[in-house]
Amino acid sequence: MSGPGGTDGAVLMHREAAALLAASGHDLQWHDLTRGSAALARAGDRDVVYAGCGPYAFLHHAWRERSGGGYRIVREVHTALWSGYWTQEELCAPLVRPGDLALFPTEYTRSLYRRHFPSVRDDTSAVLYPLLDHLPAPAPPRPVPPPGRPLRVGLLGALSLAKNVDQVLAVLARLRDEDITLVYAGKPNHPRWRPAAVAAELARLGARPGAARWAGILGRPQLGAFFAGIDVLLFPSTAARETLGRVVLEALAHGVPVLAARLGPAPELLPARNLVPVRLDTGDGLSMDRVGPLGRVDEDALARKLIARDFAPAAFPAPEPYSTGAFLRALAGELPAGPPGGHDRTVEERLSVAPRTAAELDWALDRAVCAFAAYFTRRDDRRLRSDLADRVPEGPARTALDIIVRAPERLLADYRSFPRLLDALVLRPLSYRFRPAPEPSGTGGPGE
C-alpha cells in the first residue's frame with residue numbers, strides 16, 4: 001500500500017483508507033512507489049497490493065508482469081472524465097488478471113468505465129467508499145422553513161465554473177424579492193470567486209445587498225457550525241471529474257437536505273424531488289485534460305424549488321456498500337452486493353470519446369513506466385526536458401510543464417503533476433462530446 005501524504009482534499013480518501021488499514025489488524029506493509037519495482041519485491045503470491053495513491057495503478061500491473069508476481073492488485077478510480085484515471089485504465093486493461101479489483105465511488109462512475117473498458121466487469125469491480133464511517137452519526141432531518149419565511153442556502157466546496165457557481169449567483173439575483181441568503185464556503189479557484197468579486201458580481205446582477213456571505217475555507221472541525229447555519233445545501237456541480245460529491249453526504253449526515261444537479265453521482269444519493277434538470281453541453285471542444293461543466297442546471301427550476309421549498313428532507317443513504325467492513329471484505333476477495341438501482345446513465349449513454357489509435361498504445365506502458373522513474377527518481381531530468389522540447393510546442397503549456405519538471409520537490413500527493421507529463425509525453429488527452437438528446441424530448445435519461 002502506498003503511504004499517506006499531502007493535505008489536498010483529493011487525497012483525503014487515500015489518507016483515511018491508509019489509516020483504516022493500519023488500524024484493521026492486518027499484516028500491513030507500506031511501499032514507496034518512487035523506489036520503482038523494488039517497492040513490491042516483498043509481495044508474495046498470496047498478498048494483496050492496494051494501489052491507493054492516485055492514478056498510478058498501471059505501475060503495479062507492469063511491475064507484476066515483469067517480476068512474474070502472483071499477487072492480487074486492488075486499484076481505484078476517483079474521477080470520471082479526467083485523463084489521469086482514464087489513462088490508468090487504458091494502460092492497466094491488458095494486464096488485469098482474475099482476482100484483481102477496481103474500486104469506484106458510485107455506480108455512475110463504474111458504469112461509465114464499464115462501457116469503455118472490457119477489463120471493468122461486474123466480477124472485477126465494485127462500488128465502495130469506506131469514508132462514510134468517518135462522518136458524524138446521521139442527525140435528525142432539519143425542519144425546512146415554509147415558503148415566505150427566511151431561507152439560508154449553503155454552498156460548500158471549491159468555487160469554480162466547473163461546479164456551476166456562476167449559476168448559483170444568477171439564481172440568487174433573480175430571487176431578490178425573496179428572503180433567501182447564500183452562505184458559501186470554499187477555496188476560490190479563480191479571482192472571480194473571491195468574496196469582493198462575488199459581491200461585485202451580485203450587485204451587477206441586481207441582487208439585494210447582503211444576499212451572500214462567505215464563511216471562509218473550512219476544515220472538518222468547522223463543518224458542524226457551517227451546516228447548523230443553513231437550511232438547504234446546493235450541489236449544482238456537473239464537473240467532468242465529479243464522481244461522488246462528499247459534501248452531499250456531509251450535509252445529509254448533519255440533517256441538511258440537498259438540492260443537486262440531476263446528472264452524475266447525485267441521483268444515487270438523493271430522491272428525485274431534490275434533483276434539478278440539466279442540459280448537457282453538446283458542443284465540441286471538451287477534453288479530458290480540462291475540468292469544465294458537462295452541462296448547465298435549469299435555473300428556472302432551481303429558483304422555483306427554492307421559493308416553494310420543493311425538496312424532501314434529508315435522508316442518509318443505506319450504509320452498504322459504503323462501510324469500512326465492505327471495503328475490508330472486498331480487499332480480502334469478497335465482492336459486495338451491487339448498489340441499489342437508479343444511477344444516472346445520461347453521460348454514459350450519450351458520451352462519444354475520440355478513439356485511440358493502436359499506434360498510440362504501442363509502447364505506451366513502457367514509456368509511462370520509464371517517465372515515472374525518471375520523474376520521481378530525478379534520474380534523467382535532462383531527458384525529460386528534451387522530450388518536452390521535442391513533443392510540446394513552445395507556449396504556456398510547455399512553460400508550465402517545464403516548471404513541473406524543474407520543481408525541487410515531487411510528491412505523489414501532488415496527483416496532477418505527473419499525469420500532466422503523461423498527457424504531454426505518452427498518451428494525448430482524449431477529446432469527447434455528447435450526442436444530442438433523442439426525440440421526442442424527455443427520453444434522454446435522467447439528466448434532461
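View 1. Cys92 is buried, at 0% relative accessibility (buried means under 20% relative accessible area, exposed over 50%, partly exposed in between, using a 1.4 Å probe and protein chains only). A disulfide takes a pair of cysteine sulfur atoms within 2.5 Å, and the count here is 0. Keep in mind that this is a predicted model: local features need pLDDT of at least 70, side-chain atom pairs count only at pLDDT 80 or more, and totals for chains, interfaces and linings use all residues. Residues are numbered from 1 along each chain as its sequence is written, and side-chain values use heavy atoms, with hydrogens and water left out.

**View 2. Arg152 meets Asp231**. Their side chains form a salt bridge, 3.0 Å from N to O (a side-chain nitrogen of Lys or Arg within 4 Å of a carboxyl oxygen of Asp or Glu). Arg152 sits in strand β5 and Asp231 in the loop between α7 and β8, so the pair ties together parts 79 residues apart in sequence. Helices (H or I, at least four residues) and strands (E, at least two) are DSSP runs, numbered from the N terminus. Arg152 is partly exposed at 35%, while Asp231 is buried at 5%.

**View 3. Arg406 and Asp402 in helix α16**. Here's another salt bridge, 2.6 Å from N to O. The two residues are 4 apart in the helix, which means about one helical turn separates them. Elsewhere, shared partners join Glu90, Arg356, Glu360 and Arg428 into one salt-bridge network.
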